[in-house]
Amino acid sequence: MSINDKIKNEMDSRGWSIYQLSKRSKISKTAISGWFKDIPTKPSYSSLKQIAKVFGMSIEELVSENKEADSQKQRMLELWNRLEVEEKENVINIIKTILSHNK
């Protein structure tokens with residue numbers, strides 16, 4: 001999976017548009033749009049640092065080739081997208097409960 005695909009997957013999993021990512025990362029919409037064209041441009045290192053920061057991950061996590069983790073995230077996203085709004089809230093509450101017990 002290319003870094004551009006990974007960024008798109010992370011955006012999709014958060015329900016973010018290019019506009020939203022641009023606002024949060026302070027990277028131009030034009031630059032971000034270029035990453036998803038038929039002949040895409042590649043994000044600069046400084047852009048990758050900003051993107052990783054707004055996604056709440058390290059740059060290493062963003063650019064890693066961990067296919068198993070990518071596969072798990074993709075499966076979770078597919079399942080998440082099938083849930084109704086109330087069901088999504090229930091899942092969020094379950095995750096928060098699990099995380100609070102892990103502290």
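A polar contact is a pair of N or O atoms within 3.5 Å; within protein, one must be able to donate a hydrogen and the other to accept it. Asn4 shows such a contact: its side chain reaches the backbone oxygen of Thr41 at 2.8 Å. The model is predicted. The chain holds seven helices and zero strands.

**Overall build**

- Read along the sequence, the pattern is α-α-α-α-α-α-α.
- The C-alpha trace of the chain spans about 40 × 25 × 25 Å along its principal axes.
- The chain has 103 residues, and 24% of them are buried.

- Asn4 sits in helix H1, which covers residues 3–14.
- Asn4 has a relative accessible area of 7%, so it is buried. The cut-off for buried is under 20%.
- A polar atom of the Asn4 side chain lies 2.7 Å from the backbone oxygen of Trp35.
- The Asn4 side chain also reaches the backbone oxygen of Thr41, at 2.8 Å.

- Glu87 belongs to helix H7, residues 85–101.
- Glu87 counts as partly exposed because its relative accessibility is 38%. Partly exposed lies between the 20% limit for buried and the 50% limit for exposed.
- A polar atom of the Glu87 side chain lies 2.7 Å from the backbone nitrogen of Glu84.

**Lys26: an exposed loop residue**

- Lys26 is found in the loop between helix H2 (18–25) and helix H3 (29–34).
- Its relative accessibility is 73%, so Lys26 counts as exposed. Exposed means over 50%.
- Lys26 is not a glycine, yet it has a positive phi of about 65°.
- Most residues other than glycine have a negative phi.

**A patch of positive charge**

- Which residues gather in a patch of positive charge on the surface? They are Lys23, Lys26, Lys29 and Lys53.
- Residues in a patch need over 30% relative accessible area and no salt bridge. Lys26 is at 73%, so it clears that area limit.
- Like charges are joined into a patch within 9 Å.

**To recap**

- Asn4 is buried in terms of accessible area, whereas Lys26 is exposed.
- Asn4 has contacts with the backbone oxygens of Trp35 and Thr41.
- Glu87 has a contact with the backbone nitrogen of Glu84.

Terms used. Residues numbered from 1 in each chain as written. Predicted model: local features only at pLDDT ≥ 70, side-chain atom pairs only at ≥ 80, totals over all residues. Heavy atoms only, no water. Patch = residues over 30% accessible without salt bridge, like charges linked within 9 Å, V, L, I, M, F, W, Y side chains within 5 Å. Areas by Shrake-Rupley, 256 points an atom, 1.4 Å probe, with all protein chains shown as cover. Salt bridge = Lys/Arg side-chain N within 4 Å of Asp/Glu carboxyl O. Lys, Arg positive; Asp, Glu negative; His and termini not counted. Charge placed at Lys NZ, Arg CZ, Asp CG, Glu CD. Helix = DSSP H or I, 4+ residues; strand = E, 2+ residues; numbered from the N terminus. Buried < 20%, exposed > 50% of the residue type's maximum accessible area, 1.4 Å probe, protein only.
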